[in-house]
Amino acid sequence: MKRNIVIATVVAATLVGGGTATAFALGGDDESSAAGKSSVQLKHDDSRVNDDRDDADDSADDARDRRDDLDDDRDDARDDARDDRDDALEDAREAQGDKAENAAEAKGAKVDAAEAVAAALKAKPGTAVSVDLDDENGGLIWDVDVLGKDGRTWHSVQVDPGTGKVLGSHVERDDDGDDAAEDARIAAAVKGASVTAGEAAKAAADKGKVTSVDVDDDGARVNVWDVETTSANGTESHWNVDLKTGKVTADRYDD
C-alpha cells in the first residue's frame, strides 16, 4: 500500500545580475512528513557485528574449501556434511535473533494497533486501510494508511507507539497509475466493510500482540483483514478477520 511520496523540489538558479544564487521551492505535498522522534527507541542491533564475524568465518571457510579441493572425495564429503551442520546452526541462530527482535518491538508498543488507528483517524478523518508496527531509523512507529473522506486521497500517518501522539503525516499518490486497480478494489472493500481495521485488531488481540492489520488482496475477492500477531517469545502468526462478520480464523497459507 506504499506509494510514491510527492515532495517539494528545490531548484537553485543563479541570477546573472549581481551573481546571487536564489533557491525556489516548486510544488509538492502540502502536508509535512513525520518529523517527530518516536519515544520508543530500539536497542542497538548487533547484527552488523555478527555479520562481520560471519564474513570472517566465510573467508576462513573459503580458504578451507580451497584446501579441501586438493583432498580426496572422502574428505570432501566429510567437509560438506560439516558445512551443512554449520549452515543449519547459523540458520537457527538467525531465526532466534529475529524472534528476539520481534518480541522486543511488540513489547515496546504500549499503544496498541486499535489505539493507533483511532489517533490517526482523529488527525486525518476517513477510513483506516492498514496499520503496521515499523522500525524507522531505530525508532518504533505505527504507520497507519488512511483513505480520506473524499475517497481519493491516501494519507500515511505516523503514530508514536509509546504515547499515542501523531508524529506526522504525508499524502501518498500513485502518479503513474500502477496501483489504480488495486486501490479501487481495496477502497471499495473497506468502504463496504462492517468491521473496521481497529475492530479487526481488537478481534485478534487474544491471539497475541497485534503488529499489523492490512487488507488481504491476494485473491480476486477482498473479504478479510490480514492480521499479524506476535507472541511473547517473538513467534509471528497470521489471522483472517472477516470484513463482514469479524470472525477470526487462522491463515491457512501462513508459513
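Biologist: Which charged end sits over the ring of W239?
Modeller: That is the charged end of K207, placed 4.9 Å from the centre of the ring; a charge counts as over a ring if NZ of Lys or CZ of Arg is within 6 Å of the ring centre and within 35 degrees of the ring normal. Please keep in mind that this is a predicted model, in which local features need pLDDT of at least 70, side-chain atom pairs count only at pLDDT 80 or more, and totals for chains, interfaces and linings use all residues. Residues are numbered from 1 along each chain as its sequence is written, and side-chain values use heavy atoms, with hydrogens and water left out.

Biologist: And how many aromatic pairs turn up in the whole structure?
Modeller: The search finds 0 of them, where a pair needs the ring centres of Phe, Tyr or Trp (its six-membered ring) to lie within 6.5 Å, and planes under 30 degrees apart would be stacked, over 60 edge-to-face and the rest tilted.

Biologist: Let's zoom out. How many helices and strands does the protein chain have?
Modeller: The secondary structure comes to 5 helices and 11 strands; these are DSSP runs numbered from the N terminus, with helices being H or I of at least four residues and strands being E of at least two. Of the 255 residues in the protein chain, 35% count as buried, which is defined as under 20% relative accessible area, whereas exposed is over 50% and partly exposed lies in between (1.4 Å probe, protein chains only).

Biologist: Which residues have the most contacts inside the largest nonpolar core?
Modeller: Those are V131, W142, V144, V159, V213, W225 and V227, in a core of 39 residues. A nonpolar core here is a set of buried Ala, Val, Leu, Ile, Met, Phe, Trp, Tyr and Cys residues joined through side-chain atoms within 4.5 Å. Elements that each supply at least two residues of this core include α3 (113-123), β4, β5 (139-148) and β8 (209-215), and the largest share, 6 residues, comes from α3. As background, nonpolar side chains tend to be buried together in soluble globular proteins.

Biologist: Take V213, then: what does it touch beyond four places away in sequence?
Modeller: V213 touches V129, S130, V131, A197, A200, A201, W225, D226 and V227, with contact meaning heavy atoms within 4.5 Å.

Biologist: Is L133 buried or exposed?
Modeller: L133 counts as buried, because its relative accessibility is 11%. L133 lies in strand β4, residues 126-136, and its contacts, leaving aside neighbours within four places in sequence, include E105, A106, A109, W142 and T211.

Biologist: Switching to helices, which residues of α4 are buried?
Modeller: The buried residues are D183, I186, A187, A189 and V190. Seen down the helix axis, they fall within an arc of 165°, so they line one face of α4; the arc is that of the directions from the helix axis to the C-beta atoms. On the other side of α4, A181 and A188 are exposed.

Biologist: What covers those buried residues of α4?
Modeller: The cover includes β4, β5, β6, β8 and β9.

Biologist: How far apart are the end C-alpha atoms of α4?
Modeller: They are 16 Å apart, which agrees with the 16 Å that its 12 residues should span at 1.5 Å a residue; the expected span is 1.5 Å times one less than the number of residues.
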